[in-house]
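Have the model open as you read.

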Amino acid sequence: MPSDTLNQFLNDNLNELKEQGLYNEIDVVEGANGPRIQIDGRDLVNLSSNNYLGLATDERLKEVAKDAVDSHGVGAGAVRTINGTLDLHVQLENKIAEFKGTEAAIAYQSGFNCNMAAISAVMDKNDAILSDALNHASIIDGCRLSKAKIIPFEHSDMDDLRQKAKEAKESGQYNKIMIITDGVFSMDGDVAKLPEIVEIAKEFDLITYVDDAHGSGVLGKGAGTVKHFGLQNEIDFQMGTLSKAIGVVGGYVAGKQNLIDWLKVRSRPFLFSTSLTPADVSATTKAIDLLMESTELQDRMWENGDYLKKGLKELGFDIGNSETPITPCIIGDEKTTQQFSKRLNEEGVYAKSIVFPTVPKGTGRVRNMPTAAHTKEMLDEALTIYEKVGKEMNII
Ligand code: PMP
C-alpha cells in the first residue's frame with residue numbers, strides 16, 4: 001500500500017511545477033546523439049550536446065569498445081578495491097595522468113560522483129571552501145557533503161575572492177581552506193581566471209580545485225584549462241569528465257601521487273560503487289590517445305564555434321562574452337526564451353532554453369554547443385532558422 005503522505009507530497013509538488021511551467025518534459029533521442037538527432041520522428045540540427053569533438057559516435061572508439069567487450073566482458077564485476085580494478089582501468093588512469101601532466105590520476109563512474117567523492121574525501125567540518133557563485137551543481141553537492149563551511153565568492157571576481165580568502169585565513173577558524181572553480185563555465189562559456197586564483201592560493205596557502213568538465217578537450221591543446229595557462233604544477237586537483245569532449249562516460253581527478261593514493265582509500269564512490277565498464281574505459285583511453293596525437297578535431301570544433309558565433313552576431317543576436325565554442329544566445333525574459341527555443345525546435349534546430357534558477361533572472365538564453373562533427377551546411381541551416389524565428393518574434 002503506497003504511503004498517502006508520499007502521494008500527496010508528490011502530486012502537490014508535481015502539479016505546482018506544472019502550473020509554473022517548470023516541469024521539464026524529457027525528449028527522447030531516437031538513435032545516436034550526433035550533430036543531427038531524431039526526436040518524435042523529426043530530424044533536427046543538434047546544438048545541445050556536450051559531445052564537443054563528435055567522439056560519442058566515432059568509429060575508432062566504437063571499435064575498441066567492441067573489442068573490450070570481447071576480451072573483458074560487459075561489467076567490471078565489483079568495486080575497485082575488491083576485484084573491480086581491471087588492467088584497463090589502470091591503463092586509463094596512467095593515460096589521464098600523462099595527458100594532464102600530473103603524477104597520477106583516479107577515475108570515477110561519472111563527473112558528478114567524482115566531485116561528490118573527491119571534495120568530501122579531503123575537506124571536513126573544520127575546513128572552509130571558497131566556491132565561485134556559478135559553480136556546477138555537483139561541486140555544490142560535493143561541498144555540502146564535506147560539511148566544510150561554504151563561502152561563495154562573486155563569479156570570477158578576484159577582489160571578492162582575495163578578500164574572503166584573507167578573512168577566512170585570518171579568522172584562524174579553519175584547518176584547511178580550498179578554492180574551487182569550474183575551468184570553463186558552461187552557461188556563458190567564459191574561462192576561470194586561474195593565474196589570479198593561483199596567486200591568491202599561494203598568498204594564503206590554499207588548496208586549489210578546478211572542475212574542467214567543459215575545458216578538457218577544448219582548451220590547452222585538449223588537455224584543458226590548467227594546461228592552457230601552463231599551471232599543471234600549481235593546481236592541486238585537476239578534475240574532469242570523460243562524458244563531454246571525451247565522448248564516453250566517467251570522471252577523474254589528476255594530481256600528485258599522494259592525493260590520488262588518499263582518494264583511493266577514502267573516496268566513497270570509489271570504495272562502494274562498481275567501477276566503469278570495460279567498453280567505457282577502452283573507448284575513453286582511445287579518445288585520449290586521439291587527442292594526444294592530433295588537434296584536428298579541436299581545430300574543427302573551434303572553427304565551427306567561430307562560424308556559428310559570427311553568424312549569430314551578424315544576425316543581431318546577443319551572444320554574450322563566451323571565450324569557448326559554447327555560444328549562448330541571450331534572450332532575457334524567461335517565457336520568451338522558452339518560446340524561442342520551442343519555435344527553433346519546430347523549425348528544425350534543437351537548442352535548449354536555460355532560464356532562472358540555472359541562470360540569473362532576466363538572462364534567459366538558448367545555449368548552442370557547436371561541435372567538430374557539425375558541417376558548415378548544418379550550421380547554415382541552423383542560422384537560417386535562427387534568422388526566421390528571431391525576426392518572427394521581434395528578437396532581431
Ligand atoms: N562538472 C561540470 C562543470 C559539469 O558541467 C558536469 C556535467 N553537466 C559535471 C561536472 C558532471 O559530469 P558528468 O556528466 O560526467 O557526471
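P328 stands opposite R367 in strand 13. Strand 13 (residues 364–368) and strand 10 pair in the antiparallel sense over 5 bridges; two strands count as paired if DSSP finds at least two bridges between them. Helices (H or I, at least four residues) and strands (E, at least two) are DSSP runs, numbered from the N terminus. This is a predicted model, in which local features need pLDDT of at least 70 and side-chain atom pairs count only at pLDDT 80 or more, while totals for chains, interfaces and linings use all residues. Residues are numbered from 1 along each chain as its sequence is written.

Stepping back, 3 strands form an open sheet with antiparallel pairing, in the order 10-13-12. Strand 10 (327–332) and strand 12 (353–354) are at the edges with a single partner strand each, so one side of each has no neighbour in the sheet.

Two helices pack on this sheet, as the table shows. Contact means that C-beta atoms, placed from the backbone, lie within 7 Å. Axes are lines fitted to C-alpha atoms, for helices over the stretch in contact, and angles run from 0 to 180 degrees between N-to-C directions.

| Helix 12 (residues 296–315) | strand 10 and strand 13 | about 25° with strand 10 |

Now for the domains. The protein chain is divided into domain 1 (14–46 + 295–392) and domain 2 (60–293), with bounds from an automatic or database domain assignment. Their centres, taken over C-alpha atoms, are 27 Å apart. Domain 1 gives 14 residues to the contact and domain 2 gives 12 residues.
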